[in-house]
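Please look over the sequence and the model before reading on.

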Amino acid sequence: DFIRELRDYNLLPLLQRLDMPVQIHHGTADTMASLDSVRTLLNTTKPKGPVEIIGYEGGNHGLKDHAHRQALTNQLGAFIQRIAP
């Protein structure tokens with residue numbers, strides 16, 4: 001039941017209240033969360049602060065490849081440094 005509830009829960013109303021900088025990581029080979037999903041997210045929200053989308057060539061859902069995870073970690077650290085007061 002819990003997994004079904006998570007799967008079926010509509011996050012869009014919550015995302016409309018997003019009020020912080022956003023960094024999105026997306027694998028180009030992701031078949032579960034398409035780039036159209038990212039576009040929908042950005043079209044339904046008005047984040048405050050910078051929005052960055054980082055693509056990973058050949059990356060699958062969850063970016064499980066070690067090189068992608070390392071790049072994600074580096075990108076995230078750099079993003080935090082840029083937005084930190």
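With which residue does Glu52 form a salt bridge? The model shown is a predicted one, and in it the partner of Glu52 is Arg82, with the closest N and O atoms 2.7 Å apart. Glu52 belongs to strand 2 (residues 51-56) and Arg82 to helix 4 (residues 66-83), so this pair ties together parts that are 30 residues apart in sequence. Arg82 is partly exposed, its relative accessible area being 47%.

These two elements belong to a wider arrangement. The protein comprises 4 helices and 2 strands, which follow the order α-α-β-α-β-α from the N terminus. Its C-alpha atoms fill a box of roughly 35 × 30 × 25 Å along the principal axes. Among contacts between residues at least 6 apart in sequence, 72% join residues at least 24 apart.

Of the 85 residues, 18% count as buried. The protein exposes about 6,400 Å², of which carbon and sulfur atoms supply 57%.

Charge is the next topic. Side chains of opposite charge can pair when their charged atoms come close. The protein has 9 positive and 9 negative side chains, and the centres of these two sets lie 5 Å apart. The structure holds 4 salt bridges, including one between Arg39 and Asp36, whose closest N and O atoms are 2.7 Å apart. Both residues lie in helix 3 (residues 35-44), and because they are 3 residues apart, about one helical turn separates them. Arg39 is partly exposed at 45% relative accessibility, and Asp36 is partly exposed at 49%.

Another salt bridge joins Asp8 to Arg7, with the closest N and O atoms 2.9 Å apart. Asp8 is partly exposed, with a relative accessible area of 48%, whereas Arg7 counts as exposed at 60%.

Terms used
Residues numbered from 1 in each chain as written. Predicted model: local features only at pLDDT ≥ 70, side-chain atom pairs only at ≥ 80, totals over all residues. Heavy atoms only, no water. Buried < 20%, exposed > 50% of the residue type's maximum accessible area, 1.4 Å probe, protein only. Contact = heavy atoms within 4.5 Å. Areas by Shrake-Rupley, 256 points an atom, 1.4 Å probe, with all protein chains shown as cover. Lys, Arg positive; Asp, Glu negative; His and termini not counted. Charge placed at Lys NZ, Arg CZ, Asp CG, Glu CD. Salt bridge = Lys/Arg side-chain N within 4 Å of Asp/Glu carboxyl O.
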